Amino acid sequence: MFVYGLGAGLIIAALVAFYFSMKIGRINDEKNKEIQKYKNMLSDRMELEAEGLKKVKDENEELKRINENLRVSLMALRDKPGRKEMQRLQVLQKAADRLTLNSPGFGPVWQAALKESEDEFQKVYSGFIPFIKRHIPRPTDAEVIDVQDDGGNS
């Protein structure tokens, strides 16, 4: 009887051990599947971040290149002929504006001179003055030297 009890106990113990080993195996499989899922998620995320980082680096390089081109263009425009003249014109315009505001008699005289200059400028570009200059000789501003003898006092 002891042998039957021992045999029955060993069979029950073997069944319980088999059941728990199967349960532990299923739990380990679930853990491994979950670990694999997390590894795949991490791998996908790292790939996406690497692509995003590459795009940001490429965009940064492109912006640096554009910035350098703009800097070179700005330097070229700054040194372009006429730039200093435009700056000088702005300075002169500010000075004329200040004189107009601060000097009581300067304003009307300045406006008249400005209007005459604008009219002359328009005539030059409309072709009237160049036509006249080509066909009509201009008087010179040179003083005529009198050739009379002063008696040696020169």
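**Note on a predicted helical chain**

1. In the protein chain, confidence is lowest in helix H4 (residues 128-135), with a mean of 59, and highest in H1, with a mean of 92. The score is pLDDT, the predictor's confidence in each residue, from 0 to 100. Across the chain the average pLDDT is 80, and 77% of the residues score at least 70. Where pLDDT is low, the predicted coordinates should not be read in detail.

2. This is a predicted model, in which local features need pLDDT of at least 70 and side-chain atom pairs count only at pLDDT 80 or more, while totals for chains, interfaces and linings use all residues. Residues are numbered from 1 along each chain as its sequence is written, and side-chain values use heavy atoms, with hydrogens and water left out.

3. The protein chain contains four helices and zero strands; read from the N terminus, its elements run α-α-α-α. Helices (H or I, at least four residues) and strands (E, at least two) are DSSP runs, numbered from the N terminus.

4. Of the 154 residues in the protein chain, 2% are buried. Buried means under 20% relative accessible area, exposed means over 50%, and partly exposed lies in between (1.4 Å probe, protein chains only). The chain exposes about 14,900 Å², and carbon and sulfur atoms supply 62% of that area. Accessible areas come from the Shrake-Rupley method with a 1.4 Å probe; for residues, only the protein chains shown count as cover.

5. A nonpolar surface patch is formed by Ile 12, Val 16, Tyr 19, Phe 20 and Ile 24, which together have about 500 Å² of accessible area. Patches are made of residues with over 30% relative accessible area and no salt bridge; like charges are joined within 9 Å, and nonpolar side chains (Val, Leu, Ile, Met, Phe, Trp, Tyr) within 5 Å. Ile 12 is located in helix H1 (residues 2-78) and counts as exposed because its relative accessibility is 54%.

6. Which aromatic residues form a pair? The count comes to one aromatic pair: Tyr 19 and Phe 20 are edge-to-face, 5.5 Å centre to centre and with 70° between the planes. Rings of Phe, Tyr and Trp (its six-membered ring) pair if their centres lie within 6.5 Å; planes under 30 degrees apart count as stacked, over 60 as edge-to-face and the rest as tilted. Tyr 19 is partly exposed because its relative accessible area is 46%, and Phe 20 is partly exposed at 44%.

7. A contact between a charge and a ring involves Lys 37, whose charged end sits over the ring of Tyr 38, 5.5 Å from its centre. The rule requires NZ of Lys or CZ of Arg to be within 6 Å of the ring centre and within 35 degrees of the ring normal.

8. How many salt bridges does a search of the whole structure find? The search finds four, a salt bridge being a side-chain nitrogen of Lys or Arg within 4 Å of a carboxyl oxygen of Asp or Glu. One of them joins Arg 45 to Glu 49, with the closest N and O atoms 3.1 Å apart. Both residues lie in helix H1, four residues apart, about one turn of the helix.

9. Asp 58 forms a salt bridge with Lys 54, the closest N and O atoms being 3.2 Å apart. These two residues are separated by about one helical turn because they are four residues apart in helix H1. Asp 58 is partly exposed at 43% relative accessible area, whereas Lys 54 is exposed at 53%.
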